[in-house]
Amino acid sequence: MSYDVICFDCDSTLSRVEGIDELARRNGLFEQVAALTDAAMNGELALEDVYANRLDLIKPDKAAIDWLAELYIAEMVEGVSETIKTLQANNKLIHIISGGLRQAILPLAEQLGIPDEHVHAVDVLFDDDGNYQDFARHSPLAVSGGKARICRRLRMHHSSLVMIGDGKTDLEAKLAGAYMIGFGGVVRRPLVEEQADSYVSDTSLAAVLPLVL
Ligand SMILES: [Mg+2]
């Protein structure tokens, strides 16, 4: 089956790192932030509450976001450049749909030749001196169900869409009629392996190519 639009998650899919966890580690807050993430995964806290709590703790300034942007590129998953180039050569539209921080993802997207308007993620707001002010609290990607909303919007203009990602939120794409490919090359999650339409556990992202072209 061939698809018009190929959507990728970022953290643990295009890049080996989990951006918000790395920002927390940089500030000595890893354990606190990881505890919040766990609480959300266990259903004890809503994703929307955890999102705010984590960023209120970390308060990433512009320097932290630039640092993370470099880390995303340095830790790019094997086969990513080749995969994106091959898809572009086959006239596929590529989008990134991430619950991560948008300004940190844009340089990676730019390096891959993916336009800014195809990067769906959560904006960070800075003051004039580059200090952290807030994040885009209205962003659908900071709440549960957000990835499905973005996929639904894309599907209004394109007939077939595939979502490739490692996590539980990437499975939401199925609710929007997308074909979901689980990627276990960085983190293997049994729930995703079980519920994805296809699952790839190769360390190279290029292993998804035969499934989408
Ligand atoms: Mg991910």
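1. The side chains of Thr13 and Asp9 are joined by a polar contact of 3.0 Å, the term denoting a pair of N or O atoms within 3.5 Å; within protein, one must be able to donate a hydrogen and the other to accept it, and residues adjacent in sequence count only if both atoms are side-chain atoms. The model is a predicted one, in which local features need pLDDT of at least 70 and side-chain atom pairs count only at pLDDT 80 or more, whereas totals for chains, interfaces and linings use all residues. Residues are numbered from 1 along each chain as its sequence is written, and side-chain values use heavy atoms, with hydrogens and water left out.

2. Thr13 is found in the loop between β1 (5–8) and α1 (19–26); helices (H or I, at least four residues) and strands (E, at least two) are DSSP runs, numbered from the N terminus. Thr13 has a relative accessible area of 0% and is therefore buried (buried is under 20% relative accessible area, exposed over 50%, partly exposed in between, with a 1.4 Å probe and protein chains only). Leaving aside neighbours within four places in sequence, the residues in contact with Thr13 include Phe8, Ile164, Asp166 and Leu205, where contact means heavy atoms within 4.5 Å.

3. Asp9 is buried because its relative accessibility is 5%, and Asp11 is buried because its value is 8%.

4. The largest nonpolar core contains 64 residues, and Phe8, Leu101, Ile164 and Leu205 have the most contacts inside it. Such a core is a set of buried Ala, Val, Leu, Ile, Met, Phe, Trp, Tyr and Cys residues joined through side-chain atoms within 4.5 Å. A second, separate core has five residues, among them Leu171 and Met180.

5. Helix α5 (residues 80–89) has Val80, Thr83, Ile84 and Leu87 as its buried residues. These cover an arc of only 90° around the axis, so they lie on the same side of α5; the arc is that of the directions from the helix axis to the C-beta atoms. Lys85 and Ala89, on the other side of α5, are exposed. The buried residues of α5 pack against β1, β2 (93–101) and α9 (209–212).
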